[in-house]
Amino acid sequence: MFNFILFGPPGSGKGTQSVKIAEKYNLVHISTGDIFRKNIREKTDLGLKVQSIIEKGELVPDALLIEILEDAMLQHSKARGFVFDGFPRTIQQANDLDAMLAKRNESVSIVLALTVGDDEILKRLLKRAEIEGRKDDTKEVIENRIKVYNSQTQPLIDYYKKKKKFQSLVGIGSIDDIFGGICRIIDSVI
Ligand code: ADP
């Protein structure tokens with residue numbers, strides 16, 4: 001299996017690129033943010049539990065993530081592999097993912113980070129706020145999401161560097177150019 005983690009701060013383009021990667025390489029795209037938003041829209045128990053956390057730009061508790069991931073992987077038991085988008089976001093989640101994949105005799109294949117500076121991120125997310133009206137895209141919440149990313153998620157870079165799984169790519173440019181760069185990296189390891 002090919003288990004690909006697309007990594008990067010909010011607004012780095014993970015969602016857009018993940019869809020393209022999943023399509024080209026025939027992988028299942030798992031966006032934890034999309035799963036949460038769907039549950040919020042449908043007012044499920046999970047949605048009700050996470051709504052206020054997400055609207056503040058905080059992270060959903062790790063224990064909930066594992067349930068969601070187990071569930072998604074079971075639903076796609078015949079998948080050729082996964083593109084993880086927005087997961088893992090904490091060291092605990094990375095450990096849990098390793099354990100979950102190990103149970104299937106699998107492992108993370110590669111972690112690719114899209115690098116985009118804080119100023120550009122803020123600009124992009126404020127623009128998206130005008131278009132999509134996501135509740136967590138207000139200036140205050142965006143700033144909190146960037147802070148949360150820097151403190152809780154960025155440490156994963158060293159975690160995966162130590163495992164020799166980490167690569168990065170500048171996430172600025174056209175969608176197609178960035179996608180081309182991602183494909184070159186995937187093709188070199190697949
Ligand atoms: P973005 O990448 O733009 O921040 P996402 O759609 O990936 O947006 O996530 C939206 C929100 O959903 C996050 O701010 C967080 O509250 C919650 N969330 C998504 N994935 C995770 C995760 N792996 N761990 C904890 N919370 C998460």
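This is a predicted model: local features need pLDDT of at least 70, side-chain atom pairs count only at pLDDT 80 or more; totals for chains, interfaces and linings use all residues.
Student: What about Thr 32 and Arg 134, what do they reach on the ligand?

Tutor: Thr 32 has a polar side-chain atom 2.7 Å from a ligand nitrogen. For Arg 134, a polar side-chain atom sits 3.3 Å from a ligand oxygen.

Student: And how much of the ligand's accessible area does the protein cover?

Tutor: On its own the ligand has 540 Å² of accessible area, and the protein covers 96% of that. The areas are Shrake-Rupley values with a 1.4 Å probe, and for residues only the protein chains shown count as cover.

Student: Switching topic: which residues have the most contacts inside the largest nonpolar core?

Tutor: Phe 7, Leu 97 and Tyr 160, in a core of 35 residues. Helix H4 (residues 62-75) gives the most to this core, namely seven residues. A nonpolar core is a set of buried Ala, Val, Leu, Ile, Met, Phe, Trp, Tyr and Cys residues joined through side-chain atoms within 4.5 Å. Buried is under 20% relative accessible area, exposed is over 50%, and partly exposed is in between (1.4 Å probe, protein chains only). Helices (H or I, at least four residues) and strands (E, at least two) are DSSP runs numbered from the N terminus.

Student: Now helix H3, which of its residues are buried?

Tutor: In H3 (residues 45-56) they are Leu 46, Gly 47, Val 50, Ile 53 and Ile 54. Down the axis of H3 these fall within an arc of 140 degrees, so they line one face of the helix. The arc is taken from the directions from the helix axis to the C-beta atoms.

Student: Why would a pattern like that point the same way?

Tutor: An α-helix has 3.6 residues a turn, so residues three or four places apart point the same way.

Student: What's on the other side of H3, and what covers the buried residues?

Tutor: Asp 45, Leu 48 and Lys 56 are exposed on the other side. The cover for the buried residues includes helix H2 (32-41) and H4.

Student: What follows H3?

Tutor: Gly 57, which has a positive phi near 80 degrees. In the loop between H3 and H4 you'll also find Val 60.

Student: Is Val 60 buried or exposed?

Tutor: Val 60 is buried, at a relative accessible area of 7%. Not counting residues up to four places away in sequence, Val 60 touches Phe 36, Val 50, Ile 53, Ile 54, Leu 65 and Gln 93. Contact here means heavy atoms within 4.5 Å.

Student: Last one: where is Asn 39, and what does its side chain reach?

Tutor: Asn 39 lies in helix H2, and its side chain reaches the backbone oxygen of Ile 35 at 2.8 Å. Asn 39 counts as buried, at 16% relative accessibility.

Methods. Residues are numbered from 1 along each chain as its sequence is written. Side-chain values use heavy atoms; hydrogens and water are left out. A polar contact is a pair of N or O atoms within 3.5 Å; within protein, one must be able to donate a hydrogen and the other to accept it, and residues adjacent in sequence count only if both atoms are side-chain atoms.
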